[in-house]
Each structure stands twice: as C-alpha cells, then as structure tokens.
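Me: Hi! Could you walk me through this one? I'd like to go topic by topic.

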Amino acid sequence: QLQLVESGGGLVQAGGSLRLSCTFSRVTFDYYAIGWFRQAPGKEREGISCITSGAAATYFPNSLKGRHSISRDRDNTKNTVYLQMTSLKPEDTAVYYCAFSRLRRDWCSISSGDYNDWGQGTQVTVSS
C-alpha cells in the first residue's frame, strides 16, 4: 500500500499562512493525482485541491481560489506535493489529509471516491 505522510500543520492566527507537505512513497505509475482534503469537527470531509502527476493540471473550488495554491517538487524526485494556504480563517480549522489517485487521466478531481490511499492527516488550527 502506498504511504503518504502529511506535515506542516499547526496553530496560526487568522490572516496567517501555512504550507502543508504531502510526501508519498515511490510510485511506478505514469499517471496519478494527489488530492488534499479536510475534515472539520462535526462536518463531512471536503475536497479542497488536487494536482496531476506532471503538475499539468490542478483544481480548486471557487471558494478557495486566490487563497490557496498547490504545487509539487520541481524535479518530481522528492515525491512531495505542497498546499500553500494564505489568509487563513477560523473556519479553515480542520484535519488536512492528502490522498493518492491511481486513475489514469490528465485531469484531477476532488471527489474522495477517486482516491485509493490516504495519509493520517495533520491538524490545522486557526485562532481568531
């Protein structure tokens, strides 16, 4: 099973920034995608971003465009995807997860059903 490890979470004041990292074990797939999801207490898991293996395609819902960005290591050797979050709000407080999709396509989605392997999550807490 593929291993994914999130890091970079923590406590930050409203308006602050955090960069989350998702490091995953070596893959042999030519096409895959990494997605970021979050789950706040008492709420359902929410997809927030994704990026394809060659970083050719990314996706953000309209509600998060302009505040967050997603990228991956430049030479694709570190198997790491980053989620840069800015202008954080208390409602961004959640456990953030990254996940791996083995679907062979040149675009990605934030539908959790498309993802096969999940990390353990990292807590992000935004204080007001």
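Me: Which strand do four bridges join to β1, and how does the pair run?
Reply: Four bridges join β1 to strand β3, residues 18-24, and the two run antiparallel. Within that pair, V5 has T23 of β3 as its bridge partner. Strands here are DSSP runs of E with at least two residues, numbered from the N terminus, and two strands count as paired if DSSP finds at least two bridges between them.

Me: Before we go on, what kind of model is it, and how are things counted?
Reply: It's a predicted model: local features need pLDDT of at least 70, side-chain atom pairs count only at pLDDT 80 or more, and totals for chains, interfaces and linings use all residues. Residues are numbered from 1 along each chain as its sequence is written, and side-chain values use heavy atoms, with hydrogens and water left out.

Me: Thanks. What's the strand order in the open sheet?
Reply: The four strands go β1-β3-β8-β7, with antiparallel pairing. β1 (4-7) and β7 (68-72) stand at the edges with a single partner strand each, so one side of each has no neighbour in the sheet. On average, neighbouring strands are turned by 15° against each other, direction ignored; the axes behind that angle are lines fitted to C-alpha atoms, and angles run from 0 to 180 degrees between N-to-C directions.

Me: How many bridges does β3 make with β8?
Reply: Six, in the antiparallel sense.

Me: Is β8 largely enclosed or open?
Reply: Largely enclosed by the rest of the structure, because five of the six residues in β8 (80-85) are buried. Buried means under 20% relative accessible area, with exposed over 50% and partly exposed in between, using a 1.4 Å probe and protein chains only.

Me: Changing topic: how many disulfides are there?
Reply: Two, where a disulfide is a pair of cysteine sulfur atoms within 2.5 Å. C22 and C98 form a disulfide with their sulfurs 2.1 Å apart. That pair links distant parts of the chain, with C22 in β3 and C98 in β9 (94-101), 76 residues apart. The S-S torsion of C22 and C98 is about 75°, so this disulfide is right-handed.

Me: And what does C50 bond to?
Reply: C50 is joined to C108, S to S 2.1 Å. C50 lies in β5 (46-52) and C108 in the loop between β9 and β10 (117-118), so the bond ties together parts 58 residues apart in sequence. The torsion about the S-S bond of C50 and C108 is about 80°, so that disulfide is right-handed.

Me: Are C50 and C108 buried or exposed?
Reply: C50 is buried at 0% relative accessible area, and C108 counts as buried at 10%.

Me: Last one: which residues have the most contacts inside the largest nonpolar core?
Reply: I34, W36, L83 and Y96, in a core of 27 residues. The elements giving two or more residues to this core are β3, β4 (33-39), β5, β8, β9 and β11 (122-127). Another core lies apart from it, with six residues, among them A33, C50, A99 and Y115. A nonpolar core here is a set of buried Ala, Val, Leu, Ile, Met, Phe, Trp, Tyr and Cys residues joined through side-chain atoms within 4.5 Å.
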